[in-house]
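Visitor: Please take a close look at the charged side chains of this model. How do they pair, and where do they lie?

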Amino acid sequence: MRNIKTSKILYVEDDAEAAELCRVILNDQGYEVAIADTGKLGLEMYRDGDFDAVLLDYRLPDIDGLEVAEEILSKNPNAAIVFLSARGSEAVAAEAMALGVTFYVIKDNMEVYSTIVPELLAKAAARTKERRAAAEMAENYRVSEEKYRSIVENTAEGIITIDDKGIIESFNPQAEILFGYQDSEVIGENIAILVPDADREQHDKYFEKSDLHGWRIVNRARDFEGLRKDGSLFAMELNVSPMFVAGSKKFIGILRDITQRKKSEEALKHSEDRFRSFAESAADRFWETDEDFRFTYVSGLPEDSSRLKTEEMIGKIRWDVEGLDLEDEIWQHLKKNVTEQKPIRDFQYRRVLSDGSETWLKLNANPFYDEDGVFLGYRGTNSEITDNVQAQITQDRFFAAMEKLDAGFVLWGADKKLLASNQTFRQQQGEPAVYIKPGEDYSEYMRNIAEDQIANGIEIGDIEKWIDKRVADFDSDMVDREAKNANGDFIRIRKRRLPDGAILAFHQDINDVKKNEQELKTAVDFADTANKAKSDFLSSMSHELRTPLNAILGFGQLLEHNPKEPLSEK
């Protein structure tokens, strides 16, 4: 709204001299005046402009002032119009006032323009302001009421209003859905019809005590059971607030069906109970700390466990626990992680028990925060890994011993993947040793060896058959054979399948054995040759000696028969 000193006036007047005189007078008094010399031009200017008041002459060249006033007031009933007529006429005045013009003035002298018109314009402008303000207030009220009604009718919550006696005065569409009643069925009824019988007595007491008047649920959200029209019950959240309407105290209740929330809460409680039961019976311990890394929760342990009891840990920082070697740099690393609020992964540490025995533990944890991102502490688990650590120590010792073994050692998994091998085995393999690495598949290893042999000009025949034969040997539960490796060395392979399906093999270098065997074979062959030569010699000598000896034998027999007979050349 403009200030009256800057009010804008439309003057519809066909008398140019009178119009100009009026404009000058009104300009001097702070008005801004626009002039139209016909009724139609005046209507056009009024539609296009924003005028606080209209000075309207009765007699115009095209249409009279009454028609102009009627058109203006039909579009804007609150328009301020000062109607001017050179000749007073009660009929015209009555008709003008009936149309709704603000003032009717007879312009019979100059004083009308200098005094009366400015005064009436001031009143008209003020009245326009009042009417506009009232109209704006009414419009704002209408918009506010429509907005409130729209909110109430479209909200996801049920909204019910009652008086101070508990009588229902309004019942929105969502309340109809929640309770199964139409608003016409419950308006005028006591709110108790929406409460289960078991709760009605308590409900009635709320209204009897100190102006509900002290009702314990006012301005607080509480959980209740609602009673539907069909008699079924449902869980609801209710918040009641007081309000005053025209001096009367009312109450507005906002209701929400929380059946699903209750089911979720029950499921969550069941889940928490189940988790707690698992936590209490699990080998791992579940724990939570505050922002200072002090234990606030630690799950229990079996009665025969040697680990610290829950009550011995609550309130302590982990490194305050007895039996830890805090000189170990791993604890400094852990403290740094905690300070920086980083996740903790596979942190392993040793604790010495009061009886001197050792236990090994593994720690995993994540930091947690509130909804605003404020650090609250850690949640994590502790696992006892003593058996695993001892098994690892034993395994490490075993593999260390295998490294010192003068025979090749190799262990393949049940899935034919390489698990471990020693340096001797890798040396025995020669060039193919580059393929020996944990996880290598046996078939691929054999393929690599075959391709290397072919590349080196070694004939192996059909490569696939060659590989299949070696895989078939590998699949045997027991193998004891000799072979030549890529270096040309003789190797005895003894392979056994373990109970878990893994294959353990030892490759013994038998070059010395083979050399000894060869030397023995050479010596045997030499002895056989010498023996044969001796036999041949003896056989030959026997034939050569037998002929003269036969003659000597004959003479001896003659002498034995007649020793006195003389020998002759015959």
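**Charged side chains and their partners**

Guide: The side chains of Lys123 and Glu119 join in a salt bridge, with 3.6 Å from N to O; the term requires a side-chain nitrogen of Lys or Arg within 4 Å of a carboxyl oxygen of Asp or Glu. The model is predicted, and local features need pLDDT of at least 70, side-chain atom pairs count only at pLDDT 80 or more, and totals for chains, interfaces and linings use all residues. Residues are numbered from 1 along each chain as its sequence is written, and side-chain values use heavy atoms, leaving out hydrogens and water.

Both Lys123 and Glu119 belong to helix H5 (residues 111-154), where four residues, about one turn of the helix, separate them. Helices (H or I, at least four residues) and strands (E, at least two) are DSSP runs, numbered from the N terminus. An α-helix has 3.6 residues a turn, so residues three or four places apart point the same way. Lys123 is partly exposed, at 43% relative accessible area, and Glu119 is partly exposed at 43% as well. Here buried means under 20% relative accessible area, exposed over 50%, and partly exposed in between (1.4 Å probe, protein chains only). The areas come from the Shrake-Rupley method.

A pair of this kind also occurs in helix H15 (residues 463-475): Asp473 and Lys469 are four residues apart there, which means about one helical turn. Their closest N and O atoms are 3.7 Å apart in a salt bridge. Asp473 is partly exposed, with a relative accessible area of 23%.

Another salt bridge, at 3.1 Å from N to O, brings together the side chains of Arg261 and Glu237. This pair connects distant parts of the chain, with Arg261 in helix H9 (residues 259-281) and Glu237 in strand E9 (residues 233-245), 24 residues apart. Arg261 is partly exposed at 31% relative accessibility, while Glu237 is buried at 17%. Both residues take part in a network of salt bridges that also links Glu157, Arg256, Lys262 and Glu265. Across the whole structure, a search finds 26 salt bridges.

Charges are also found on the outside. A patch of negative charge on the surface includes Asp14, Asp37 and Glu95; patches take residues with over 30% relative accessible area and no salt bridge, joining like charges within 9 Å. Asp37 sits in the loop between strand E2 (32-36) and helix H2 (39-48), and its relative accessible area of 44% makes it partly exposed.

Note on methods: Patches are made of residues with over 30% relative accessible area and no salt bridge: like charges are joined within 9 Å, nonpolar side chains (Val, Leu, Ile, Met, Phe, Trp, Tyr) within 5 Å. Accessible areas come from the Shrake-Rupley method with a 1.4 Å probe; for residues, only the protein chains shown count as cover. Lys and Arg count as positive and Asp and Glu as negative; His and the chain ends are not counted. The place of a charge is taken as NZ of Lys, CZ of Arg, CG of Asp or CD of Glu.
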